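Here is a friendly note to read alongside the structure. Take the points in order, and keep the 3D view open as you go.

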Amino acid sequence: AGALTDILASRYNQENTELVDICHLRTERQKLPFAKMQTCGNDYIFLENFSGEITCPESLCVTLCDRHYGIGADGIILMEGSRKADAKMRMFNADGSEGSMAGNALRCMAKYLYDNGIVRKEEMTIETGKGVKHVQVYTTNGKVTSACVDMGYATLDTTALRLNIPKRQVVNYPVEIAGQPWEITCVDMGNPHCVVFCSRVDGVDVARIGPQFEHAPYFPDRINTEFIRVVNPSTIKMRVWERGSGETLACGTGACAAVVAAVANGLCEKGRDITVRVQGGDLVVHYTDEAVTLTGDAKLVYTGTVESYSSEGLGIVRLDGAVVFVPQAVRGETIDLKITKVMKTAAAGEIVKIHKPSPDRAQPECPDYGRCGGCDFQHLTYPEELWAKRQRVQDALTRLGGAGVEVEEILG
């Protein structure tokens with residue numbers, strides 16, 4: 001049930017569930033060529049997806065980014081075709097959630113495109129979730145060694161970030177998080193950032209405090225948090241907690257946000273190069289009224305081939321808003337999708353029961369609804385809107401016809 005567990009771990013919803021044709025399963029796992037790249041220790045797995053064959057990157061990301069059981073990275077990058085730029089970048093955090101921007105990944109992607117002859121231009125455009133970005137690459141002996149990306153216009157207007165704070169500009173604003181008082185400055189870099197000034201960056205327990213900021217009620221959509229110290233007007237030291245990935249050695253948009261916040265608080269000036277020292281190295285940010293540019297190295301770590309982790313024994317079908325998991329599917333078999341149990345409509349946050357597969361298909365009811373501390377059930381919580389519509393699903397399943405496999409549960 002690897003595919004199922006990966007999907008659940010990757011912030012499962014109806015849009016990121018993989019659709020598997022259970023009547024035509026592959027005879028072997030799909031091989032995916034990849035390149036692992038990094039800048040200042042901020043590493044990503046780059047996958048070409050110009051043909052669109054990778055359909056569920058959210059679940060794929062969870063396993064590939066695991067540093068013990070996968071390749072290990074802060075996220076994955078899908079490189080796709082674009083009608084408005086030289087290429088398109090889709091970025092996914094280590095937990096499978098999709099991000100809209102990643103400055104470091106943009107520079108690494110530009111290196112990949114140039115070095116592999118896909119876009120052989122020193123000035124190229126890459127489409128992102130926050131518009132088209134311009135990247136200038138610098139080469140040595142025909143290979144890109146560093147790159148500068150125009151991140152676009154930075155703003156202190158937090159309207160688009162949907163914060164639970166009654167101010168459009170959040171500069172040196174007092175909050176209480178993890179039982180401590182903090183003063184924060186929020187910046188929109190195409191993704192949300194919360195900058196905290198510290199007297200000693202190395203003294204911050206980022207592993208403990210970072211998650212508290214990410215999930216604080218001030219930030220309904222979660223947030224990236226930078227803990228910074230302005231060393232002098234041209235140097236900033238920074239540690240970062242990235243939403244969906246945890247503490248990373250560097251963050252490009254975070255470095256830009258740190259500079260914008262330092263200027264807003266009168267500690268740095270616009271129009272000059274400012275070096276942001278992160279755990280993995282140095283990034284150079286140039287902030288003006290028109291744009292923010294980010295410059296740094298871009299390196300290939302290695303290339304390889306990985307097997308896709310999509311399930312071969314678990315059929316997953318999405319029908320009319322419902323997700324159906326079909327255990328013990330056999331390649332090429334025509335199956336009878338028959339409902340044997342349908343979940344009741346659950347109240348938001350209520351604990352519901354999901355049977356683990358069992359050979360005899362007969363498991364007793366769990367009497368404790370998840371308070372048992374350990375039984376033969378998985379106890380998971382889902383929002384109310386994900387349960388439902390028995391008759392519509394039943395009709396859709398009936399139309400498939402055949403014989404052979406039962407559906408134990410309907411999630412939808």
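1. Start with helix 5, where G252, T253, G254, A255, C256, A257, A258, V259, V260, A261, A262 and V263 are buried. Keep in mind as you look that this is a predicted model. Since 12 of the 13 residues of helix 5 are buried, the helix is largely enclosed by the rest of the structure.

2. Next, follow helix 5 from end to end. It covers residues 252–264, and the distance from its first C-alpha to its last is 19 Å, close to the 18 Å expected at 1.5 Å a residue. Just after the helix, look for G266, which takes a positive phi of about 75°.

3. Now step back to the whole protein. You can find 6 helices and 23 strands in it. Of its 412 residues, 51% are buried. The protein exposes about 18,600 Å², and carbon and sulfur atoms supply 47% of that area.

4. Side chains of opposite charge can pair when their charged atoms come close. A search of the whole structure finds 16 salt bridges, and the next points visit some of them.

5. Which residue forms a salt bridge with D221? The partner is R162, with the closest N and O atoms 2.7 Å apart. D221 sits in the loop between helix 4 (206–214) and strand 12 (224–232), while R162 sits in the loop between strand 8 (143–150) and strand 9 (173–177), so the pair ties together parts that are 59 residues apart in sequence. D221 is partly exposed, at 32% relative accessible area, whereas R162 is exposed, at 55%.

6. Another pair to find is R208 with D205, whose closest N and O atoms are 3.7 Å apart. R208 counts as partly exposed at 42% relative accessibility, and D205 is partly exposed as well, with a relative accessible area of 40%.

7. K299 and D297 also form a salt bridge, their closest N and O atoms being 3.9 Å apart.

Definitions and conventions. Residues are numbered from 1 along each chain as its sequence is written. This is a predicted model: local features need pLDDT of at least 70, side-chain atom pairs count only at pLDDT 80 or more; totals for chains, interfaces and linings use all residues. Side-chain values use heavy atoms; hydrogens and water are left out. Helices (H or I, at least four residues) and strands (E, at least two) are DSSP runs, numbered from the N terminus. Buried means under 20% relative accessible area, exposed over 50%, partly exposed in between (1.4 Å probe, protein chains only). Accessible areas come from the Shrake-Rupley method with a 1.4 Å probe; for residues, only the protein chains shown count as cover. The expected span of a helix is 1.5 Å times one less than its number of residues. A salt bridge is a side-chain nitrogen of Lys or Arg within 4 Å of a carboxyl oxygen of Asp or Glu.
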